[in-house]
Amino acid sequence: MNPTRTRLLVVLVAVPSLLIVAAAGGAVPGVLSDGSSATENGEPAAADRPADPTTEDTVGYVEGYWYDDELPVDEREDGVVEDDELEAVVYRSMARVEVIRGLTFEDDVPVEVVSREEYRENDDTFLDDAGDEERLQLNVNTEALFAVDRNTDATDEQEALYGGAVDGYYEPSTDQVVIVSENPETPELNEVVLGHELLHALQDQHFDLASYERETIDQDNAKNGLVEGDAVRVETEYEDRCAAEWDCTLPDGGATAPPDLNWVMYTTIFQPYNDGPDYVGHLLEQSQAQSASSDSTGEGSEPGERDDWDAVDAAYDDPPASSSEVIRPGEDREPADIEVEDRSNDEWRQLEIDGEVASETYGEAGMVAMFAGDAHDRTQPSVIGQDDFFAEDLQGYDYDQPYTDGWAGDELVTYVTDEATETDDPAAAAAHAGYVWETEWTSSEDGQQFVDGYLQLLDLHDAEAVDGYQDTYVIDDEYPGAYHVDRDGESVTIVRAPSVDELPNVDSGAAPEGEDTLEIEDADPETTDDDGGDAPGDGSNAIPGFGVPVAVAAVAIALLAGRVRSAGRERP
């Protein structure tokens, strides 16, 4: 577990409807929470609305505003909302979220607007104030993913990933939504993004978002598969209704080039938004099937009840345990209990932060990101190439990959010498650090598939096999150091140290003398070049102005628009 994370950060991606399938219905709008009101064509009949509606008991009504009320701001094309108009927009948006999700808000949700400058100055989400040990661990972890090279500070990459495009977030510790605006005096609001953030407030009021264990990246992605899958489906239906039937406050939408992102880091955190809606859709189908079964026995629900969401609501009591369960809905994948044994010598030790071993679990999503990070750049080879990673309809990514689909567990532990902890330069410290990354797979064959991918990855980074040492490799540039790979049936362990001589000092027994025992047993020659990655394209499939994957990313990202924070862990 990683004791350094004290707060939760989950990137909220404003995913457009092009990326995510339309949200399934299920809630009956504008009814009492006990289901006792009439509807007309799926909407509440105005004449039949309760004479004395209440915020706590009436779906689609909040603090005097119904979900379909017209507001003066609807006539504007720029989405500008004055201070004295903000409250009405927020209350109507809350009512609209209730209509889609079928739950009522139990408490008011304060909304604050801050300038981007103020946000950047006051935000403490990232590791600005973290100690040297936290920064060192992040550098070592991201090097292990081949995401951030030795000459780059991982904290800078993390800040670039989140900082420039955040439009808003929900803070459970204060029950507050914060909107980030370029002009806070006359803020431009995107009502759809506001609705997404308000849905997180609704979730928190009913299901307590801060209660989940989020000590690893994989745990974070697993929980977010439910939390963000729910939110994205609601957001998607909100957007559809704004286009078809609701007057909404929306800013002008101009085409924007995709930001310069660290794609491995981005691909890791994007997985819940990519796969979460389908995971929630699977739960909705379960509810609908159960409801249909009850109806066939004469025990169906009364009109107006919201049984279609029952399985989603129940999942908050038993959320996914791993990103694998979100990638393949309906498949239980409880992570194996892995604890890396310290087999280092007296010069090396496991890094400890606040008295606990600094470890991380990236899960299946993180490993897919490691193999597919370069798929966004047509000029670079990648283990998982564009044709395999980008969905055929260009509406997202495919995280279900043969190299990683047998994941059963992993733990990455940072090792250091005294030199590593005596400098405040994270890059210099990483030169005196190493790691042991133990992984478990559901079968020996799955372990070999991971080895196939990892050996290709080493090859793409110009790793050279070391003569006389078993399955040991050296990289000189970008990710310098010595690497030893060991497969024992369903277990694969990767050890990295500054040099070959230091490998057994980090993990006793690593880099034994002898001949190599590992080789690539299955690489698709049709999608890989001689180095094992995608053959660089000639641009013939490129969309003018962007390469194909970058154009897809421009759609898939819709920029990093917000995040949810809660008591828990800080996201790298």
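**A close look at helix H3**

Modeller: In H3, the buried residues are Glu134, Arg135, Leu136, Gln137, Leu138, Asn139, Val140, Asn141, Thr142, Glu143 and Ala144. The model discussed here is a predicted one. Helix H3 covers residues 132-144, which gives it 13 residues. From the first C-alpha of H3 to the last, the distance is 18 Å, close to the 18 Å expected at 1.5 Å a residue. H3 is mostly covered, since 11 of its 13 residues are buried. An α-helix has 3.6 residues a turn, so residues three or four places apart point the same way. Just after H3, Phe146 adopts a positive phi of about 55°.

Arg135 belongs to helix H3, whereas Asp153 sits in the loop between H3 and helix H4 (154-163), so the pair ties together parts that are 18 residues apart in sequence. Arg135 and Asp153 are both buried.

The wider setting may now be considered. A search of the whole structure finds 18 salt bridges. Two of these involve Arg101, and they are described in turn. In one, the side chains of Asp230 and Arg101 meet at 3.1 Å, N to O. This pair links distant parts of the chain, with Asp230 in helix H6 (residues 217-244) and Arg101 in helix H1, 129 residues apart. In the other, the side chain of Arg101 meets that of Asp313 at 2.8 Å, N to O. Asp313 lies in helix H8 (residues 310-315) and Arg101 in helix H1, so this pair ties together parts that are 212 residues apart in sequence. Asp313 counts as buried because its relative accessibility is 15%, under the cut-off of 20%. Arg101 counts as buried too, because its relative accessibility is 1%. Asp230 is likewise buried. Elsewhere, a network of salt bridges links Arg328, Glu331, Arg333, Glu364 and Asp400.

Helix H1 (residues 83-101) also contains Ser93. Ser93 is buried because its relative accessible area is 0%. The side chain of Ser93 makes a polar contact with the side chain of Tyr238, at 3.0 Å. When residues up to four places away in sequence are not counted, Ser93 touches Glu191, Leu194, Gly195, Leu198 and Tyr238.

Some totals complete the picture. The secondary structure of the protein chain comes to 16 helices and 19 strands. The chain has 572 residues, of which 58% count as buried. Among contacts between residues at least 6 apart in sequence, 78% join residues at least 24 apart. The protein chain exposes about 22,800 Å², and carbon and sulfur atoms supply 40% of that area.

How values were computed: Residues numbered from 1 in each chain as written. Predicted model: local features only at pLDDT ≥ 70, side-chain atom pairs only at ≥ 80, totals over all residues. Heavy atoms only, no water. Helix = DSSP H or I, 4+ residues; strand = E, 2+ residues; numbered from the N terminus. Buried < 20%, exposed > 50% of the residue type's maximum accessible area, 1.4 Å probe, protein only. Polar contact = N/O pair within 3.5 Å; in protein donor to acceptor, adjacent residues only side chain to side chain. Contact = heavy atoms within 4.5 Å. Areas by Shrake-Rupley, 256 points an atom, 1.4 Å probe, with all protein chains shown as cover. Expected span 1.5 Å × (residues − 1). Salt bridge = Lys/Arg side-chain N within 4 Å of Asp/Glu carboxyl O.
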